[in-house]
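Dear colleague,

I am passing on to you the structure that we talked about, and I would be glad if you kept it open beside this message while you read. My notes on what was found follow below it.

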Amino acid sequence: MTKRVHRPREDAEFDFIVGMSGVPVLAYFTGTWPKAIEPCREMDLVVSDIADAYTGRLTAVRTDITRCPAATERYGITGAPSYVLLKEGEAVAHGTGPMTFAEVRTFLDGHV
């Protein structure tokens, strides 16, 4: 993933990014356990493309579940990949599992 997708190293950094964003935030939660690695890698590309397509209208944040446990718990994340769309810090949509670019756009519809 390129730098247009934020990669917080801890919960405080995640909270800072969300708090400073003047646009909705797509928080994409990833995992490093064997069954999550491949689907999360696939989603890295999709989320990167989404970040390009929504430049200026969306902040994308790739969030490692083990590095940001408080954010993971706060949004009820139980597996990876998972997604939470935040507006002004509040969750307005949740999603789980691998998604295509078109499916993520549908997920975002009406919110961004």
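**Notes on the structure**

P81 has its place in the loop between α3 and β4, where helices (H or I, at least four residues) and strands (E, at least two) are DSSP runs, numbered from the N terminus. The peptide bond that leads from A80 to P81 is cis, with omega near 0 degrees.

Before going further, please note that this is a predicted model, in which local features need pLDDT of at least 70 and side-chain atom pairs count only at pLDDT 80 or more, while totals for chains, interfaces and linings use all residues. Residues are numbered from 1 along each chain as its sequence is written, and side-chain values use heavy atoms, with hydrogens and water left out.

The protein has four helices and five strands, and its elements, read from the N terminus on, run β-α-β-α-β-α-β-β-α. The five strands form an open sheet with mixed pairing, in the order β1-β3-β2-β4-β5; two strands pair if DSSP finds at least two bridges between them. Because β1 (5-6) and β5 (90-96) stand at the edges with a single partner strand each, one side of each is left without a neighbour in the sheet. In general, strands of a sheet pair through backbone hydrogen bonds, either parallel or antiparallel. Here β1 pairs with strand β3 (residues 59-64) in the parallel sense over two bridges, and H6 stands opposite V61 in β3.

Helix α2 (residues 34-53) lies across β1, β2 (25-30), β3 and β4 (82-87), and runs at about 165 degrees to β2; axes are lines fitted to C-alpha atoms, for helices over the stretch in contact (heavy atoms within 4.5 Å), and angles run from 0 to 180 degrees between N-to-C directions.

In helix α1 (residues 11-20), D11, F14, I17 and V18 are buried, where buried means under 20% relative accessible area, exposed over 50%, and partly exposed in between (1.4 Å probe, protein chains only).

Where is C68 found? C68 is in the loop between β3 and α3, and it is buried, with a relative accessible area of 0%. Leaving aside residues up to four places away in sequence, C68 touches P8, E10, D11, F14 and T63. E88, in the loop between β4 and β5, has a positive phi of about 55 degrees although it is not a glycine, and at 83% relative accessibility E88 counts as exposed.

For the protein as a whole, 47% of the 112 residues count as buried. Among contacts between residues at least 6 apart in sequence, 71% join residues at least 24 apart. The C-alpha atoms fill a box of roughly 35 × 30 × 25 Å, taken along the principal axes.

With kind regards
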